[in-house]
Amino acid sequence: MADDKVMARPLMLSLDGQEFPVSLLKIGRDDLYGSIEIEAFDERGNEASLKVLAADGRTLIDKGGTALLTLNEDGDSISRTDLQPINDDGDPIEKVSSSFDQTNVLSPATPDDYFAHIVRSIYLLQPSDSERLDYLQDHLDGEQIYKFDFSYRGGVDHDSAFIVGSKTDAFMVVGKQARIEFVKLNQAAVLDAPEEQQLAAEDIDFELL
């Protein structure tokens, strides 16, 4: 795993009144399954590059030649920092702070809590104080699961973070609460997802698994 995946800022965790800072090492799909890189060449052996075809159907735009802007009702570009998040009733939403700016108190979680979430990211916990992390790993070795609210940069919402592992390794699993609908036997379930997301499953390369 590359060293640049280690988060520079320590995350402060608290269990039973004991505080201990940890660094996060992100674990990606490539670390688990490996990766495949596809290279394309023309008939002369020159490496091909990906370009974007403009709306006129003739202009080719090179990599880095496009950008996204946020526009107001008048069509003027505005900064995202000028936007005010609101809820469905039009009331302002109170922002949450980054988890790196506070002490995060761990609370017990159940396996049902854990499996009711859709996983977004997985991190390996690396301690700056091994003795204090040993205290946490001793509890994880008893098949305990802990959770806390996690926000990487802060914003309008937080994710759920679960601490799982064993006596030798501890992991932080970050995810969102899944919307689970139970169906009866022989009752068809409706997949509530955009068409492009449904078709994305066809692009999975099972050779990687």
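The legends below accompany close-up views of one predicted model.

**Figure 1. Overview of the chain in the predicted model.**
The chain has 209 residues, of which 22% are buried, and its secondary structure consists of 4 helices and 12 strands. Among the contacts with a separation of 6 or more, 62% are made by residues 24 or more positions apart. The chain exposes about 16,100 Å², and carbon and sulfur atoms supply 49% of that area.

**Figure 2. Strand E1 and its two partner strands, E2 and E7.**
Strand E1 covers residues 11-15 and strand E2 covers residues 18-27; the two run antiparallel and are joined by 5 bridges. Between them the hairpin has 2 residues, and Asp 16 takes a positive phi near 55° in this hairpin. E1 also pairs with strand E7 (residues 103-105), here in the parallel sense and over 3 bridges. Strand E1 is mostly covered, with 4 of its 5 residues buried.

**Figure 3. The largest nonpolar core, which has 21 residues.**
The residues with the most contacts inside this core are Leu 11, Leu 13, Leu 125, Leu 136, Phe 148, Ile 163 and Met 172. At least two residues of the core come from each of E1, E2, strand E9 (117-127), helix H3, E10, E11 and E12. Apart from this core lies another one, of 5 residues, including Ala 109, Ile 145, Phe 162 and Val 173.

**Figure 4. The surroundings of Phe 148.**
What does Phe 148 touch once its neighbours within four places in sequence are left aside? Its contacts include Leu 11, Leu 13, Ile 163 and Met 172, each of which is also listed among the residues with the most contacts inside the largest nonpolar core. Further contacts of Phe 148 are Asn 104, Val 105 and Leu 106, together with Asp 159, Ser 160 and Ala 161. Phe 148 also belongs to a cluster in which ring pairs link it with Phe 100, Phe 150 and Tyr 152.

**Figure 5. Aromatic pairs that involve Tyr 114.**
A pair of aromatic rings is described by the distance of the centres and the angle of the planes. The whole structure holds 5 aromatic pairs. In one of them, the rings of Tyr 114 and Phe 115 have centres 5.2 Å apart and planes at 75°, so this pair is edge-to-face. Tyr 114 and Phe 162 form another edge-to-face pair, with 5.5 Å from centre to centre and 85° between the planes. Because Tyr 114 lies in helix H2 (residues 111-115) and Phe 162 in strand E11, the latter pair ties together parts that are 48 residues apart in sequence.

**Figure 6**
Side chains of opposite charge can pair when their charged atoms come close. The structure holds 6 salt bridges, and one of them joins Lys 51 to Asp 62, whose closest N and O atoms are 3.5 Å apart. In another salt bridge, Asp 138 meets Lys 167 at 2.4 Å, N to O.

**Figure 7. A network of salt bridges around Asp 157 and Lys 176.**
The closest N and O atoms of Asp 157 and Lys 176 are 2.8 Å apart in their salt bridge. Since Asp 157 lies in the loop between strands E10 and E11 and Lys 176 in strand E12, the pair ties together parts that are 19 residues apart in sequence. Both belong to a network of salt bridges that also contains Arg 120 and Asp 159. Asp 157 is partly exposed at 45% relative accessibility, and Lys 176 is partly exposed at 28%.

Key:
Residues are numbered from 1 along each chain as its sequence is written. This is a predicted model: local features need pLDDT of at least 70, side-chain atom pairs count only at pLDDT 80 or more; totals for chains, interfaces and linings use all residues. Side-chain values use heavy atoms; hydrogens and water are left out. Buried means under 20% relative accessible area, exposed over 50%, partly exposed in between (1.4 Å probe, protein chains only). Contact means heavy atoms within 4.5 Å. Accessible areas come from the Shrake-Rupley method with a 1.4 Å probe; for residues, only the protein chains shown count as cover. A salt bridge is a side-chain nitrogen of Lys or Arg within 4 Å of a carboxyl oxygen of Asp or Glu. A nonpolar core is a set of buried Ala, Val, Leu, Ile, Met, Phe, Trp, Tyr and Cys residues joined through side-chain atoms within 4.5 Å. Rings of Phe, Tyr and Trp (its six-membered ring) pair if their centres lie within 6.5 Å; planes under 30 degrees apart count as stacked, over 60 as edge-to-face and the rest as tilted. Two strands pair if DSSP finds at least two bridges between them.
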